[in-house]
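Please keep the sequence and the model in view while reading.

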Amino acid sequence: KELGGGLPPGSIVLIEGEYGAGKSAMSQRFSYGLCEEGTMATLLSTELTVGSFLEQMHSLDYGMVDHMLDENILFLHAAIGDSKNTFTMDEDDDDRRELLRRLMEAEVMWDSDVILIDTFDAILRNDPKFEALVRQNEERQAALEIISFFRDIIADGKVIVLTVDPT
């Protein structure tokens, strides 16, 4: 009922479920539906590459190639823990692994009307700076920083969809 009218502008939507529960499938379906309705979307995946995303969408009969070519969707692969991450170039290992900082500084991904991050907890778990704050019992500070950033984004009427695995 709550999503019957679409994703409410200026909101953060949380999709929670254990591994295999269908969070990624929901994110992919949302991205397709948004594109079909003319809404600009960004999908950041910690699991799928562009090729595997297109392959999976094609297998579901969701044609995403034209949406990508028409720039209705920006698909980004976050190669967590991979030293050959596309976005790292020649940065230091420490900079490469500051995933939350890099996420917040990736301005182009926040230009869309709806930003889907699948899975957000993988970014948190693999960010050494966030992990260090957790070890020092300072996770509240890190959480406040993230929430503040997200509030600034949704203040413009954008929607952020986060998938998380609570385990």
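In helix H7, Phe130, Leu133 and Val134 meet Glu139, Ala142 and Ile146 of H8, where contact means heavy atoms within 4.5 Å. Helices (H or I, at least four residues) and strands (E, at least two) are DSSP runs, numbered from the N terminus. By class, 5 nonpolar, no polar and 1 charged residues make up the contact of H7 with H8. In this classification Ala, Val, Leu, Ile, Met, Phe, Trp, Tyr, Cys and Pro count as nonpolar, Asp, Glu, Lys and Arg as charged, and the others, Gly among them, as polar. H7 covers residues 128–135 and H8 residues 139–154; their axes come within 7 Å and cross at roughly 135 degrees. That angle makes H7 oblique to H8. Axes are lines fitted to C-alpha atoms, for helices over the stretch in contact, and angles run from 0 to 180 degrees between N-to-C directions. Angles under 35 degrees count as roughly parallel, over 145 as roughly antiparallel, 65 to 115 as roughly perpendicular and the rest as oblique.

The model is predicted: local features need pLDDT of at least 70, side-chain atom pairs count only at pLDDT 80 or more, and totals for chains, interfaces and linings use all residues. Residues are numbered from 1 along each chain as its sequence is written, and side-chain values use heavy atoms, with hydrogens and water left out.

The protein as a whole has 8 helices and 5 strands, in the order β-α-β-α-α-β-α-α-β-α-α-α-β along the sequence. It has 167 residues, of which 41% count as buried. Buried means under 20% relative accessible area, exposed over 50%, and partly exposed in between (1.4 Å probe, protein chains only). Among contacts in the protein with a separation of 6 or more, 73% are between residues 24 or more positions apart.

H2 spans residues 50–59, and the two helices pack at an angle of about 80 degrees with their axes 11 Å apart, which makes H1 roughly perpendicular to H2. Gln28, Ser31 and Tyr32 of H1 and Phe53, Gln56 and Met57 of H2 make the contact. Its classes are 3 nonpolar, 3 polar and no charged residues. H1, residues 23–36, also contains Gly33. Gly33 is partly exposed, at a relative accessible area of 22%.

The salt bridges remain. The whole structure holds 3 of them, a salt bridge being a side-chain nitrogen of Lys or Arg within 4 Å of a carboxyl oxygen of Asp or Glu. One joins the side chains of Asp121 and Arg125 at 2.2 Å, N to O. Both residues lie in helix H6 (residues 120–125), 4 residues apart, or about one turn of the helix. Asp121 counts as buried at 9% relative accessibility, whereas Arg125, at 48%, counts as partly exposed. Elsewhere, salt bridges that share partners link Glu98, Arg101 and Glu105 into one network. Within it, Arg101 meets Glu98 at 2.9 Å, N to O, and Arg101 meets Glu105 at 2.9 Å, N to O. Arg101 and Glu105 are 4 residues apart in helix H5 (residues 99–105), so about one helical turn separates them. Arg101 is partly exposed, with a relative accessible area of 27%.
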